Amino acid sequence: MAFHSHYERFYFSILFSLFAITSAQLSSDFYGTTCPKALSTIKSAVSSAVYKEHRMGASLLRLHFHDCFVNGCDASVLLNDTSSFTGEQSAGANVNSLRGFNVIDDIKTQLETACPGIVSCADILAVAARDSVVTLGGPSWTVGLGRRDSTTASKDAATKDIPSPLMDLSDLISAFSNKGFNAQEMVALSGAHTTGQARCQLFRGRIYNETNIDSNFATSVKSNCPSTDGDNNLSPLDVTTNVFFDNAYFKNLVNNKGLLHSDQQLFSGGSTDSQVKNYSTNPSAFSADFASAMVKMGNLSPLTGKNGQIRTSCSKVN
């Protein structure tokens with residue numbers, strides 16, 4: 001009996017371990033029966049928002065990125081400050097620049113009407129990021145679902161973990177490595193800058209002080225970013241096809257037309273030059289690598305099972 005008892009304990013511990021692993025996995029059909037219209041609802045709302053304002057596609061993609069890089073993909077970025085914590089929206093990387101909250105709130109309202117308490121804000125962010133890229137003409141990927149929402153947020157973690165546009169290549173590689181990404185995945189994810197805009201204060205130092213920049217490009221950007229004023233004036237991250245998700249970002253880098261210091265660092269005589277060159281001539285390689293890296297990013301430390309909650313409102317804890 002002792003043998004059987006020991007064997008059974010061993011057997012059930014193995015079963016429990018397998019269940020724990022399986023239950024933590026995300027599944028593409030997680031809402032198949034509980035909220036069958038979840039994906040179509042998100043897609044429709046995102047398409048509408050991006051068609052109305054192309055920049056919104058980049059904004060929704062960025063929300064997902066800035067969420068996942070801070071304590072995992074848990075929708076913590078959407079939480080407003082409370083008396084018990086200072087949220088992530090006031091961190092330097094986010095303040096006055098994160099946007100798209102209204103689109104996420106609109107989607108959440110629709111889903112709460114259709115299937116109350118079922119679809120997490122974290123999953124909405126992940127699907128909206130994918131649908132934004134597709135709407136802008138970029139690649140698609142299968143989004144695993146089943147994330148739950150955090151009950152807290154951290155300005156300090158956001159300040160520490162989100163890569164800065166002023167970083168050199170070695171620091172960028174480290175920042176992404178800290179989240180489990182290799183240099184190749186970092187370059188692929190940076191290709192998100194083929195759409196969207198940046199504020200003058202983030203690239204002023206580059207266009208006025210750096211030498212590895214195309215002179216005509218620098219001159220054209222200076223017209224909208226004076227040396228001492230206009231901090232919030234916007235310029236496109238991709239000077240050629242800013243409203244399309246394509247590989248033009250990498251072509252620009254090869255021609256020294258990266259807007260941010262961190263962009264041009266990817267092609268500046270360093271270890272990632274060859275990959276940038278490859279993406280600049282091989283759009284399908286970029287699309288495939290970007291999609292794979294996005295799947296990996298969406299899997300960063302999600303809350304699953306009974307962890308976290310399904311927020312009724314994305315901006316506050318239940």
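The largest pocket is lined by 40 residues, and R62, F65, H66, H193 and L260 are the ones that lie nearest its centre. This is a predicted model, in which local features need pLDDT of at least 70 and side-chain atom pairs count only at pLDDT 80 or more, while totals for chains, interfaces and linings use all residues. Residues are numbered from 1 along each chain as its sequence is written, and side-chain values use heavy atoms, with hydrogens and water left out.

**The largest pocket**

- A pocket here is an open set of points on a 1 Å grid over the protein atoms alone, where a 1.4 Å probe fits and protein lies on both sides within 12 Å along at least five of seven lines; lining residues have an atom within 4 Å of a point.
- The largest pocket holds about 900 Å³ of space, where a volume is the space filled by probe spheres set on the points, and grid points are joined across faces, edges and corners.
- At least two lining residues each come from α3 (55-68), α6 (155-161), α7 (169-177), α8 (183-190), β1 (197-199), α12 (261-264) and α14 (283-298).
- Those labels follow DSSP runs, numbered from the N terminus: helices are H or I runs of at least four residues, and strands are E runs of at least two.
- With 7 residues, α3 gives the most to this lining.
- By type, the lining of the largest pocket divides into 22 nonpolar, 13 polar and 5 charged residues; Ala, Val, Leu, Ile, Met, Phe, Trp, Tyr, Cys and Pro count as nonpolar, Asp, Glu, Lys and Arg as charged, and the others, Gly among them, as polar.

**The second largest pocket**

- The second largest pocket has a volume of about 160 Å³.
- Its lining is made up of A45, S48, A49, K52, E53, M56, N102, V103 and D106.
- The lining of the second largest pocket has 4 nonpolar, 2 polar and 3 charged residues.

**The chain as a whole**

- The protein chain has 14 helices and 2 strands.
- Its radius of gyration is 21 Å, close to the 20 Å that the globule rule gives for 318 residues, so the chain is as compact as a globular protein of that length. The radius is taken over C-alpha atoms, and the rule is 2.2 Å times the number of residues to the power 0.38.
- Along the principal axes, the C-alpha atoms fill a box of roughly 80 × 45 × 40 Å.
- Of the 318 residues, 48% are buried; buried means under 20% relative accessible area, exposed over 50%, and partly exposed in between, using a 1.4 Å probe and protein chains only.
- Among contacts (heavy atoms within 4.5 Å) between residues at least 6 apart in sequence, 75% join residues at least 24 apart.

**Helix α8, a covered element**

- Helix α8 is mostly covered, with 6 of its 8 residues buried.
- The buried residues are E185, M186, V187, A188, L189 and S190, and they pack against α7, α11, α13 (273-281) and α14.

**Around helix α11**

- N252 lies in helix α11 (residues 248-254) and counts as buried at 5% relative accessibility.
- Neighbours within four places in sequence aside, N252 is in contact with D238, V239, T240, K257 and G258.
- V239 sits in the loop between β2 (234-236) and α11, and is partly exposed, with a relative accessible area of 39%.
- Leaving aside neighbours within four places in sequence, V239 is in contact with F217, N252 and K257.
- N256 is in the loop between α11 and α12; although it is not a glycine, N256 has a positive phi of about 60°.

**K108 in helix α4**

- K108 is found in helix α4 and is buried, with a relative accessible area of 2%.
- Not counting residues up to four places away in sequence, K108 touches V119, C121, I124, I310, R311, T312 and C314.
- K108 and A38 are 70 residues apart in sequence, and their C-alpha atoms are 9.9 Å apart in space.
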